[in-house]
Amino acid sequence: MVRRILMDAFDQVTMRVNEAETVPMTPALPENISAHPDLTYRSIGKKELKLDLYRPKELAGPAPLVVLIHGGCWMDGTRKEMGFYAINLARLGYVTASVDY
């Protein structure tokens, strides 16, 4: 099930790449998706760990959450790199959280 969800989101990204030469890290937000960027989920000393949350606006009840963790071997990268996937998964009805670590 999880594999199918991620493949659906990947297929949407692949289609966008084939239609345009560049793909923004975070595309324009659709009207039916709510974004809550830069939420602090944990503080360690003076460092705040943040996440970006995306969800369908018209949720009738609880929804599954997909946590997106960027690559980078704990040395490089940011949660903002996952915006494209987060928005596409939210379009499919999932709540998504892209996290920094």
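**Reading a predicted fold: a dialogue**

Just after H2, Gly-93 takes a positive phi of about 105°, where helices (H or I, at least four residues) and strands (E, at least two) are DSSP runs numbered from the N terminus. This is a predicted model, in which local features need pLDDT of at least 70, side-chain atom pairs count only at pLDDT 80 or more, and totals for chains, interfaces and linings use all residues. Residues are numbered from 1 along each chain as its sequence is written, and side-chain values use heavy atoms, with hydrogens and water left out.

Q: Which residues make up the largest nonpolar core?
A: In soluble globular proteins, nonpolar side chains tend to be buried together. A nonpolar core is here a set of buried Ala, Val, Leu, Ile, Met, Phe, Trp, Tyr and Cys residues joined through side-chain atoms within 4.5 Å, and buried means under 20% relative accessible area, exposed over 50%, partly exposed in between (1.4 Å probe, protein chains only). The largest such core has 10 residues in all, namely Ile-33, Tyr-54, Val-66, Leu-68, Met-82, Ala-86, Ile-87, Leu-89, Ala-90 and Tyr-94. Its largest share, four residues, comes from H2.

Q: How many of the nine residues of H2 are buried?
A: Seven of them are, which leaves H2 mostly covered; among the buried ones are Gly-83, Phe-84 and Asn-88.

Q: How many salt bridges does a search of the whole structure find?
A: A salt bridge is a side-chain nitrogen of Lys or Arg within 4 Å of a carboxyl oxygen of Asp or Glu, and the search finds six. In one of them the side chains of Asp-52 and Arg-79 meet at 2.9 Å, N to O; Asp-52 lies in strand S2 (residues 47–56) and Arg-79 in the loop between S3 and H2, so the pair ties together parts that are 27 residues apart in sequence. Asp-52 also forms a salt bridge with Lys-80, with the closest N and O atoms 3.0 Å apart.

Q: What does Asp-100 form with Arg-79?
A: Asp-100 forms a salt bridge with Arg-79, the closest N and O atoms being 2.4 Å apart, and Asp-100 is buried, with a relative accessible area of 18%. Through shared partners, salt bridges join Asp-38, Asp-52, Arg-79, Lys-80 and Asp-100 into one network.
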